[in-house]
Amino acid sequence: KYTTEQRKNPVVENWGADGKGVVRVGYSFDGNTGKFQMLYRSNADENFKTVYSGADKTFTERPPTPDIFVGDSDTAYVMSRKDGFNKVYKLDMKTMALSEPVYQTPNFDISDIVPNLDRTDIDGYETFDGENHVKYLNPDLNVIQQFMEEMFGAGQAQIVDYDKGLTKAIVYVGGTSKNGGFYMFDTVSGSVKLLNWRSSALKDT
């Protein structure tokens with residue numbers, strides 16, 4: 001069953017929602033003029049207001065867009081490379097004011113944000129220096145990551161899913177040099193069980 005959360009708007013091409021599913025932001029981009037427009041509202045009871053409307057003659061510059069809304073606030077986590085490398089910032093959605101970098105990796109880009117299960121905050125972020133790495137800010141996820149790396153080797157384990165209570169986590173094990181598999185880690189008992197190989201024919205070769 002589907003429900004309509006937001007009716008069509010002729011000036012909006014894409015919508016973005018917060019962790020509760022409330023549509024909070026809309027975007028449009030004109031490929032002919034380079035004009036980018038962003039509409040925003042704080043909650044479902046408000047009307048959308050234009051918070052940004054501008055055109056870049058080079059067709060390459062535009063303001064950062066929200067990745068994660070911080071709870072019910074007017075603040076969102078965004079990524080921007082305005083200083084040369086992709087870093088994580090906080091953006092005031094009403095004023096479009098950007099904070100100082102919140103998370104960054106010297107001389108390397110942050111490639112993605114890892115949201116928490118409620119999508120109201122950040123659990124970590126991904127970096128790329130030739131290989132993908134995840135830096136967990138959530139201390140419980142960080143413990144799981146360290147435990148898996150102690151068991152399988154540094155850079156060989158990646159958490160791909162977990163339950164809300166963090167009693168179980170699915171971990172992908174396998175680097176760039178060999179085929180990998182998916183394991184279930186029971187954080188209560190400490191047991192690690194193979195679920196399946198990524199390729200049953202190759203296994204971990």
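Modeller: Here is a walk from the aromatic pairs out to the strands, the sheet and the whole chain. Keep in mind that this is a predicted model.

A search of the whole structure gives eight aromatic pairs. A pair of aromatic rings is described by the distance of the centres and the angle of the planes. Take Y40 and F69. Their ring centres are 6.3 Å apart and their planes meet at 25°, so the pair counts as stacked. The cut-off for stacking is under 30 degrees. Where do Y40 and F69 lie? Y40 belongs to strand β3 (residues 35-40) and F69 to strand β5 (residues 68-69), so the pair ties together parts 29 residues apart in sequence.

Y40 has 3% relative accessibility, so Y40 counts as buried. F69 has 4%, so F69 is buried too; the limit is under 20%.

R24 lies over the face of F69, at 4.5 Å from the ring centre.

Now the hairpin of β9 and β10. Strand β9 (residues 122-128) is joined to strand β10 (residues 132-136) by five bridges, and the two run antiparallel. Three residues sit between the strands, and G130 takes a positive phi near 110° in this hairpin. T127 stands opposite H133 in β10.

Is H133 buried, exposed or partly exposed? Its relative accessibility is 31%, so H133 counts as partly exposed. Leaving aside neighbours within four places in sequence, H133 is in contact with Y125, E126 and T127. K87 is 46 residues from H133 in sequence, and the C-alpha atoms of K87 and H133 are 15 Å apart in space.

Next, the sheet. Four strands form an open sheet in the order β11-β12-β13-β14, with antiparallel pairing. At the edges are β11 (157-162) and β14 (192-197), each pairing on one side only. From one strand to the next, the twist averages 30°. Helix α1 (residues 139-152) packs on this sheet and touches β11, β12 (168-173), β13 and β14. The direction of α1 makes about 135° with that of β11.

Within the sheet, five bridges join β13 (residues 181-186) to β14, and these strands run antiparallel. The bridge partner of F185 in β14 is V192. In a regular strand the side chains alternate between the two faces of the sheet.

Last, the whole chain. Its secondary structure comes to one helix and 14 strands. The C-alpha atoms fill a box of roughly 50 × 40 × 35 Å along the principal axes. Of the 205 residues, 34% count as buried; Y40 and F69 are buried residues. The chain exposes about 12500 Å², and carbon and sulfur atoms supply 48% of that area. Among contacts between residues at least 6 apart in sequence, 27% join residues at least 24 apart.

Note on methods. Residues are numbered from 1 along each chain as its sequence is written. This is a predicted model: local features need pLDDT of at least 70, side-chain atom pairs count only at pLDDT 80 or more; totals for chains, interfaces and linings use all residues. Side-chain values use heavy atoms; hydrogens and water are left out. Two strands pair if DSSP finds at least two bridges between them. Axes are lines fitted to C-alpha atoms, for helices over the stretch in contact, and angles run from 0 to 180 degrees between N-to-C directions. Contact means heavy atoms within 4.5 Å. Rings of Phe, Tyr and Trp (its six-membered ring) pair if their centres lie within 6.5 Å; planes under 30 degrees apart count as stacked, over 60 as edge-to-face and the rest as tilted. Buried means under 20% relative accessible area, exposed over 50%, partly exposed in between (1.4 Å probe, protein chains only). A charge sits over a ring if NZ of Lys or CZ of Arg is within 6 Å of the ring centre and within 35 degrees of the ring normal. Accessible areas come from the Shrake-Rupley method with a 1.4 Å probe; for residues, only the protein chains shown count as cover.
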